[in-house]
Amino acid sequence: MPKPLCGVPTAVMDRADDEPGVRIFTMHRMKGLEFRCVAVLGVAEGIVPMRAAITPTEVDPIQHREDLASELSLLFVACTRAREELHVSCHGLPSRFLERVDHP
């Protein structure tokens, strides 16, 4: 097991799933995985959806809608990897994808 970082055990992403520790993934790498607790960080406008992944409406309105749907699907997949607890955070302006989410 790698050396703990700030007292928290860490694990390399390709290690066995039963090793204790915090695992860090991109949302793209989450598909097909499941964890007891998941934190999806940085769900802020301009980050999610990622600006570079969205075709401007004036260039191609159909592709623009498809790009937004793809980015929303990516966030959905990341959030549904949690079996027991999900924590979503943002800084600045929350992502437009969080507008319909009930906040405590």
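Biologist: What covers the buried residues of α1?

Modeller: The cover includes β1 (35-40) and β2 (82-88), with contact meaning heavy atoms within 4.5 Å. This is a predicted model, with local features needing pLDDT of at least 70 and side-chain atom pairs 80 or more, while totals for chains, interfaces and linings use all residues. Numbering runs from 1 along each chain as its sequence is written, and side-chain values use heavy atoms, without hydrogens or water.

Biologist: Which residues in α1 are buried?

Modeller: His-64, Asp-67, Leu-68, Glu-71, Leu-74, Leu-75, Val-77, Ala-78 and Cys-79. Each is called buried because its relative accessible area is under 20% (over 50% is exposed, in between partly exposed; 1.4 Å probe, protein chains only).

Biologist: Why does Ser-95 count as buried?

Modeller: Because its relative accessibility is 2%, and the cut-off is under 20%. Ser-95 sits in the segment after β2 and touches Val-43, Ala-44, Glu-45, Val-48 and Pro-49, leaving aside residues up to four places away in sequence.

Biologist: How do you know that a polar atom of the side chain of Ser-95 lies within polar-contact range of the backbone oxygen of Val-48?

Modeller: The two are 2.4 Å apart, and a polar contact is an N or O pair within 3.5 Å, one able to donate a hydrogen and the other to accept it; sequence neighbours count only if both atoms are side-chain atoms.

How values were computed. Helix = DSSP H or I, 4+ residues; strand = E, 2+ residues; numbered from the N terminus.
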